[in-house]
Amino acid sequence: VQTNSIVHSYPFCWRSDTPLIYKAVPNWFVNVESIKDKLLENNAKTEWVPSFVKEKRFHNWLESARDWAISRNRFWGTPLPIWHSE
């Protein structure tokens, strides 16, 4: 058995020169990949103004859509508007 020490730099905030703390927090995800076909189908039925948004910008975004972390926040206590349909 061998014991060693490893010295590494700890990340600090460049503005305040305080240590950055990485903390795992629970997240909510929307499984977008499972509904991608339906999203593309509904996009085709939607009338967009200007029309190029339907075929290019929004279509391309939907086509490469990945699961979405809706609980991702930049500030503590950011409320999540959640509706539940019965």
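**Contacts, fold and pocket of a predicted chain**

Apart from residues up to four places away in sequence, Tyr 10 touches Pro 19, Leu 20 and Ile 21, where contact means heavy atoms within 4.5 Å. The structure is a predicted model, in which local features need pLDDT of at least 70 and side-chain atom pairs count only at pLDDT 80 or more, while totals for chains, interfaces and linings use all residues. Residues are numbered from 1 along each chain as its sequence is written, and side-chain values use heavy atoms, with hydrogens and water left out.

The protein chain contains 2 helices and 2 strands, and its elements follow the order β-α-α-β from the N terminus. Helices (H or I, at least four residues) and strands (E, at least two) are DSSP runs, numbered from the N terminus. The radius of gyration of the protein chain is 21 Å, well over the 12 Å that the globule rule gives for 86 residues, so the chain is more spread out than a compact globule. That radius is taken over C-alpha atoms, and the globule rule is 2.2 Å times the number of residues to the power 0.38. The C-alpha trace of the protein chain spans about 65 × 40 × 30 Å along its principal axes.

Of the 86 residues in the protein chain, 9% count as buried. Buried means under 20% relative accessible area, exposed over 50%, and partly exposed in between (1.4 Å probe, protein chains only). The protein chain exposes about 8700 Å², and carbon and sulfur atoms supply 57% of this area. Accessible areas come from the Shrake-Rupley method with a 1.4 Å probe; for residues, only the protein chains shown count as cover. Among contacts in the protein chain with a separation of 6 or more, 50% are accounted for by residues 24 or more positions apart.

Several residues were examined in the segment before strand E1 (29-30). Tyr 10 is found in this segment and counts as partly exposed, because its relative accessibility is 42%. The C-alpha atoms of Tyr 10 and Lys 45, which are 35 residues apart along the chain, are separated by 52 Å. Asp 17 also has its place before E1; its phi is near 60°, a positive value in a residue other than glycine. With 60% relative accessibility, Asp 17 counts as exposed.

Tyr 22 belongs to the segment before E1 and is exposed, at a relative accessible area of 67%. From C-alpha to C-alpha, Tyr 22 and Pro 11 are 9.6 Å apart in space and 11 residues apart in sequence. Asn 27, likewise in the segment before E1, counts as partly exposed at 39% relative accessibility. Leaving aside neighbours within four places in sequence, Asn 27 is in contact with Ser 71 and Arg 72.

In the loop between helix H1 (36-45) and H2 lies Pro 50, which is joined to Val 49 by a cis peptide bond with omega about 0°. Glu 55 has its place in helix H2 and counts as partly exposed, with 48% relative accessibility. Glu 55 and Cys 13 are 42 residues apart along the chain, and their C-alpha atoms are separated by 42 Å.

The largest pocket has a volume of about 230 Å³. On a 1 Å grid over the protein atoms alone, a pocket is an open set of points where a 1.4 Å probe fits, with protein on both sides within 12 Å along at least five of seven lines; lining residues have an atom within 4 Å of a point. Grid points are joined across faces, edges and corners, and the volume is the space filled by probe spheres set on the points.

The lining of the largest pocket consists of Val 32, Ile 35, Leu 39, Phe 58, Trp 61, Leu 62, Ser 64, Ala 65, Arg 66, Asp 67 and Trp 68. Helix H2 (residues 52-63) supplies the largest share of this lining, 3 residues. By class, the lining has 8 nonpolar, 1 polar and 2 charged residues. Ala, Val, Leu, Ile, Met, Phe, Trp, Tyr, Cys and Pro count as nonpolar, Asp, Glu, Lys and Arg as charged, and the others, Gly among them, as polar.
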